[in-house]
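Thanks for coming. Please have a look at it before I start.

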Amino acid sequence: MKKKTLINYKFKIDNSIDHRDIRSVVKVMKSGVLSGFVASNNEFFRGGPQVRKFERLWSKFFKSKYCISVNSWTSGLIACLGALDLEPGDEVITTPWTMCATATSILHWNCIPVFADIEKDTFCIDPKSVLKKISKKTKAILAVDIFGQSCDYESLLRISKKYNLKLICDSAQAILTKYKGKYVGTLGDVGGYSLNYHKHINTGEGGVIVTNNKRYAEKLYAIRNHAEAITKSHSVKELKNMVGYNFRMGEIEAAIGIQQLKKVKKRVQIKQNVVNKLNNGLKDLKGLKLPVIRKNTTHSFYIYPLILDLKALKISRRKIFSALVKEGVQGLTDKYVLLHLYPIFQKKIAYGSNNFPWSTFKNKTTYRKGICPVAENLQNRTFLGLQIQLYDLKKKDIELIISAFKKVWREFGII
Ligand SMILES: Cc1ncc(COP(=O)(O)O)c(C=O)c1O
């Protein structure tokens with residue numbers, strides 16, 4: 001006889017859009033101006049009224065002098081890397097445990113991503129590993145506040161200062177996460193957030209760059225909007241990396257962003273409450289390590305990360321994962337990302353087919369298996385994540401998820 005599945009319905013997909021977002025979109029539509037940008041030296045170089053209002057509000061909220069909206073955080077990362085005066089062949093130390101755009105933004109400027117390992121409890125880049133990866137060519141650290149957990153900024157800032165490295169904060173997943181009272185994203189030279197569809201708040205696609213440095217801000221405004229076209233009219237003397245793109249946010253997205261910002265606190269709180277309930281329900285399960293939160297920080301919980309203690313469990317992750325999925329647990333993943341093992345890094349081919357840019361610089365950077373043992377062990381054996389950002393999880397859903405874990409633990413005789 002077929003066993004009864006514990007959860008036999010689909011969780012409701014999370015949706016941050018309400019009537020206020022809709023009203024603001026209609027207003028923009030009626031105005032007939034869907035983008036206010038012009039790539040020349042006039043008042044519209046920095047976009048239309050919604051874009052400028054959105055950036056003003058974001059600046060105030062995040063206490064960042066400059067906010068530059070973009071059409072995605074991938075665009076934002078590329079713009080950030082370009083603004084930092086990097087040269088082809090410069091090395092940027094980053095983490096393999098992140099979404100691929102973190103590293104490809106480095107490639108865009110013909111710089112070399114060098115992967116440091118991650119901390120075993122927080123999944124964030126490990127400052128001790130960063131130290132080991134520094135070479136004469138290292139110019140920057142690209143840190144990622146992964147899953148909503150803050151990086152160890154005290155250590156990263158100390159290293160940046162000592163070795164004269166720029167610090168970029170990829171806080172795509174960590175909106176409102178605080179490190180010692182300050183928003184992550186704002187702690188380095190440049191940083192920012194993603195506003196794609198899956199994030200705590202979203203504009204469909206979109207992102208925001210934050211910086212307190214005027215010179216970087218000027219370069220970021222330029223790279224966002226066809227930099228090369230305005231260098232003459234803006235009397236820009238330094239032409240390095242003044243190669244621009246169309247990274248501009250539209251008026252509709254900015255209008256949605258203004259509304260979304262109003263509910264960001266509430267939306268992050270909802271995820272934190274889900275986590276508190278899950279932690280409470282799962283805390284007594286043997287061999288299951290609940291998420292840790294770094295001291296003096298908050299966590300926005302884009303993903304709810306768990307770690308299996310295989311010695312205590314005496315059972316493989318594959319079996320536990322399959323059993324939980326069979327019980328109807330949704331949004332469960334037993335994988336994240338090991339970027340250094342992606343084919344473009346393995347084969348060292350990115351643009352064209354002649355191993356560019358690596359061959360040009362005779363770089364010895366290696367991307368072989370084993371260079372990030374902590375990340376690889378998590379990926380291959382012990383990581384289990386619940387993608388809580390995907391669903392509007394209600395009390396009943398959370399209770400059933402907890403029951404499913406308990407049932408699986410019981411059936412495998414783990415308790
Ligand atoms: C850590 C990280 N970096 C960069 C990005 C890219 O952001 P976007 O999708 O807005 O381009 C994402 C998107 O999920 C991400 O999670």
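One term first: a residue counts as buried if 20 or more other C-beta atoms lie within 10 Å of its own. Keep in mind that this is a predicted model.

Let me start with helix 8, residues 251-262. Helix 8 has twelve residues and spans 17 Å from its first C-alpha to its last, close to the expected 16 Å. Which residues of helix 8 are buried? They are Glu251, Ile252, Glu253, Ala254, Ala255, Ile256, Gly257, Ile258, Gln259 and Gln260. Because ten of its twelve residues are buried, helix 8 is largely enclosed by the rest of the structure. As for what the buried residues pack against, the partners are helix 1 (19-31), helix 2 (49-62), strand 1 (66-70) and helix 9 (264-282).

Next, the ligand. There are 14 residues around the ligand, and the closest are Trp73, Thr74, Met99, Ala172 and Ser194. Sorted by class, the shell has five nonpolar, eight polar and one charged residues. Two helices, helix 3 (73-83) and helix 4 (101-107), each supply at least two residues of that shell.

Four strands make an open sheet, in the order 10-11-13-12, with antiparallel pairing. At the edges are strand 10 (288-289) and strand 12 (332-333), and each of these pairs on one side only. Strand 12 is joined to strand 13, residues 383-386, by two bridges, and the two strands run antiparallel. Where in strand 13 is the bridge partner of leucine 332? The partner is leucine 386.

That is the end of my part.

Conventions. Residues numbered from 1 in each chain as written. Predicted model: local features only at pLDDT ≥ 70, side-chain atom pairs only at ≥ 80, totals over all residues. Expected span 1.5 Å × (residues − 1). Contact = placed C-beta atoms within 7 Å. Near = placed C-beta within 6 Å. Nonpolar A, V, L, I, M, F, W, Y, C, P; charged D, E, K, R; others polar. Pairing = 2+ DSSP bridges.
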